[in-house]
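Hi,

Here is the structure I promised to send over. My notes follow below it.

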Amino acid sequence: MNMTNLLRTWADNEHIHAVVETPRQTTKGKTASGSSFDRNLLTAAHRRLPFGTRVRVIDLETNRSVVVRITDRGPWVRGRVLDLSLAAARSLGITSRGVAQVRAEVL
């Protein structure tokens, strides 16, 4: 799939669910891109966007935003598009909600 189709997919999904990682999850392990997972970095998982893609994630409730880099694959829950690292979730202030309505823009 080319980037144009991925961008169209994102544009068609104005309201995207972002799944927030909980602090209980490990800080060790490898991502699908081969890099080490660090929950303290501003990263996210997406099923198809190329690794290294930068995405601005905007919380629709508070209008806070964060720019994350895609480093992993997932989430694997139907209806959810992004899985944010703990640092990204904290930056948005959504760690206590677990799931948030966001707008995501590929940069």
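The largest nonpolar core has 17 residues. Such a core is a set of buried Ala, Val, Leu, Ile, Met, Phe, Trp, Tyr and Cys residues joined through side-chain atoms within 4.5 Å; buried means under 20% relative accessible area, exposed over 50%, partly exposed in between (1.4 Å probe, protein chains only). V55, V57, V68 and L84 have the most contacts inside this core. At least two core residues come from each of β3 (54-59), β4 (65-72), β5 (82-84), α2 (86-92) and β6 (99-106). The top contributor is β6, with 4 residues. Helices (H or I, at least four residues) and strands (E, at least two) are DSSP runs, numbered from the N terminus.

This is a predicted model: local features need pLDDT of at least 70, side-chain atom pairs count only at pLDDT 80 or more, and totals for chains, interfaces and linings use all residues. Residues are numbered from 1 along each chain as its sequence is written, and side-chain values use heavy atoms, with hydrogens and water left out.

Now the strands. β3 and β4 pair antiparallel over 5 bridges; pairing takes at least two DSSP bridges between two strands. V57 has V66 of β4 as its bridge partner. Their hairpin has 5 residues between the strands, and N63 there takes a positive phi near 70°. β3 also runs antiparallel to β6, again joined by 5 bridges. Here V55 is partnered with V106 of β6.

Last, S35. This residue lies in the loop between β1 (16-20) and β2 (43-45). S35 counts as partly exposed because its relative accessibility is 31%. Beyond its neighbours within four places in sequence, S35 is in contact (heavy atoms within 4.5 Å) with G29, K30 and T71.

Best wishes
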